[in-house]
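Please find below my notes on the model, arranged as numbered points.

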Amino acid sequence: MMNEESTFDLVVVGSGAAGLTAAVVAAHRSLSVLVIEKAETFGGTTARSGAVAWIPNNPHMASAGLSDSPEQADHYLRDLMGNFYDEGKVGAFLRHGPEMVGMMEANSVVRFDNWHSLDYEPWRKGAARGRSIGAAEFDGRRLGKDLARISPGLPNLSILGGMQVAYADVAHFGAAFRNRAAFLYTARKIGRYVRDLLLHGRPTRLVGGNALIGALLLTAREKGVTLWPSTPMMRLQFDQGAVRGVIVRRDGREQVVVSRRGVVLASGGYGGNDAMRHAYLPLAGAGCSLQPETNVGDGLHAGGQAGGHVVTDNVANGIWAALSTRVDRSGRRLHHPHIFRDRAFPGFLLVDRHGRRFVNEGASYQELGNVMIRKDIQSAWLICCHAALRTYGMGHVRPGPLPYKNHIRNGYLKTAATIPALAQRLGIDPAVLDATVDRFNGFARDGHDSDFNKGEDAYTAEQGDPQHQPNPTLGPVDPGPFYAVEIRPGEFSTINGLETDASARVLNATGETIAGLYAIGVDANSVFRGAYPGGGASIGPGMTFGYIAAMHAASN
């Protein structure tokens, strides 16, 4: 049975960073906006992420004394993308990205911090520092009841059963028992967390993805955006060949929502759809997705029904994440993405199932995933010595003095007194692994990795421990005992989506725009076509094209 119609200027399908940015910008331009979210909570994949946005020439660069220009960034992207470069869409991103940041910080509660990090391929022409900006810490108490409506972050990105950990916290927490300032910093953060649990039943210090979604959600409320959780889109509504609205399921009944200015698809890709993962992603069966289970390709299916098409011939169709997995006491499988902090440190190396190194362990997560796919490595082992484990931690294992032997008991952490004994536990030829570690340790003593140049370019060097010299990423795996965790390929997010133009409008098979239909975030095909310029290369374009779509709808 169909409920009565509702009418809005713009309907946004999905509540991640891209969708909420489009909603906030459209509402700021005086449009009436509805956001429908399939899940019970808001935030999608963004809420689970670090919420970094790659925006060249962003306003925070100049204030930090860092230089950039659209021309410099364009040089970098041309070199990075090669034949996949699209002048129209890349140009729109470079023009409007800084505008989006300025507009959001001037007209919303969203704030960004500059991470001062390098692009992921700093040897290329036009690379720069400071293009990655992260969501500033946000006080969840400002949200009132909406605090409970934000999707939780990944469990591995919290400690003590739910305390959110910011990137800036990691160095302090790791040195808490070696440095007085770090101890006081850590004690203050833990004290805030305990007070929050007593007063609010959950942490109110929001960082990363929860901070960005919290700020966007509060702004959306303040600007009058209507938000409907637990409301899946059933199909698009057409009239005379144009998209005029959506049919949703709300409170158990179907309802027509008319949209005067268009529908924006931002439902978050297809990471929760196993059939689509196997169709589009290499090695999909070896690992898993970190996206919410509700992200099953609704936007891509709807766009296809309207005449759009999903692009598949990218450099990569996902943002890769090498994952290790443990099972908790309730039987839940908890996945840890090895972004950089363990494998890039001294005392760690990665080997394939034959016991041989295959990559620069300090490479970006995207490059690591590309190498595993190219070499068909469905399982690898991250290996370290005792000193490295206790100093830096590994995957789910926290640094000392936090306990680690429970991870040995539950099977996540493999250990042995010698490398040959560890090899036997891992099903590797002991002679091969012993020779690999011996060769690696020789490189570590010399400070030069002759095989993969670990720590010898600016990006990988920054991922290591600056206190360890001469090479901050290269230290011997010795003395024992030794430890290993299994690493499998997976993805943070899918990124191949509907073909769109520079205004975020969905295109049909002949390249014509489909009236009334936009796609942003990972419902749109990546503007970089799977090449990965730097941290936040999904959220940055997602928010920027959300801004572009909203501005286009408002002026249409």
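1. Two strands are taken to pair if DSSP finds at least two bridges between them, and helices (H or I, at least four residues) and strands (E, at least two) are DSSP runs numbered from the N terminus. In the hairpin of β20 and β21, which has five residues between the strands, G511 adopts a positive phi near 85°. The model is a predicted one, in which local features need pLDDT of at least 70 and side-chain atom pairs count only at pLDDT 80 or more, while totals for chains, interfaces and linings use all residues. Residues are numbered from 1 along each chain as its sequence is written, and side-chain values use heavy atoms, with hydrogens and water left out.

2. Strand β20 (residues 505–507) pairs with β21 in the antiparallel sense over two bridges, and Y518 in β21 is the bridge partner of R505. Strand β21 (residues 513–519) also pairs with strand β13 (residues 253–265), here in the parallel sense and over three bridges, with L265 standing opposite A519 of β21.

3. Helix α1 (residues 17–28) packs against helix α17 (residues 539–555) at an angle of about 30°, the axes being 8 Å apart; axes are lines fitted to C-alpha atoms, for helices over the stretch in contact, and angles run from 0 to 180 degrees between N-to-C directions. The angle makes α1 roughly parallel to α17, a term used for angles under 35 degrees, whereas over 145 counts as roughly antiparallel, 65 to 115 as roughly perpendicular and the rest as oblique. In α1, A17, A18, T21, A22, V25 and A26 meet I539, G542, M543, G546, Y547, A550 and M551 of α17, where contact means heavy atoms within 4.5 Å. By class, this contact of α1 with α17 has ten nonpolar, three polar and no charged residues.

4. The axes of helix α5 (residues 87–107) and α17 come within 8 Å and cross at roughly 85°, and α5 and α17 are therefore roughly perpendicular to each other. Residues of α5 that meet α17 include K89, F93, H96 and E99, and their counterparts in α17 include P541, M543, F545 and Y547. The contact of α5 with α17 divides into nine nonpolar, four polar and two charged residues.

5. Across the whole structure, a search finds 14 aromatic pairs. One of them, W54 with Y76, is tilted, at 6.2 Å centre to centre and 45° between the planes; rings of Phe, Tyr and Trp (its six-membered ring) pair if their centres lie within 6.5 Å, and planes under 30 degrees apart count as stacked, over 60 as edge-to-face and the rest as tilted. Because W54 lies in strand β3 (residues 52–54) and Y76 in helix α4 (residues 70–81), the pair ties together parts that are 22 residues apart in sequence.

Technical notes: Nonpolar A, V, L, I, M, F, W, Y, C, P; charged D, E, K, R; others polar.
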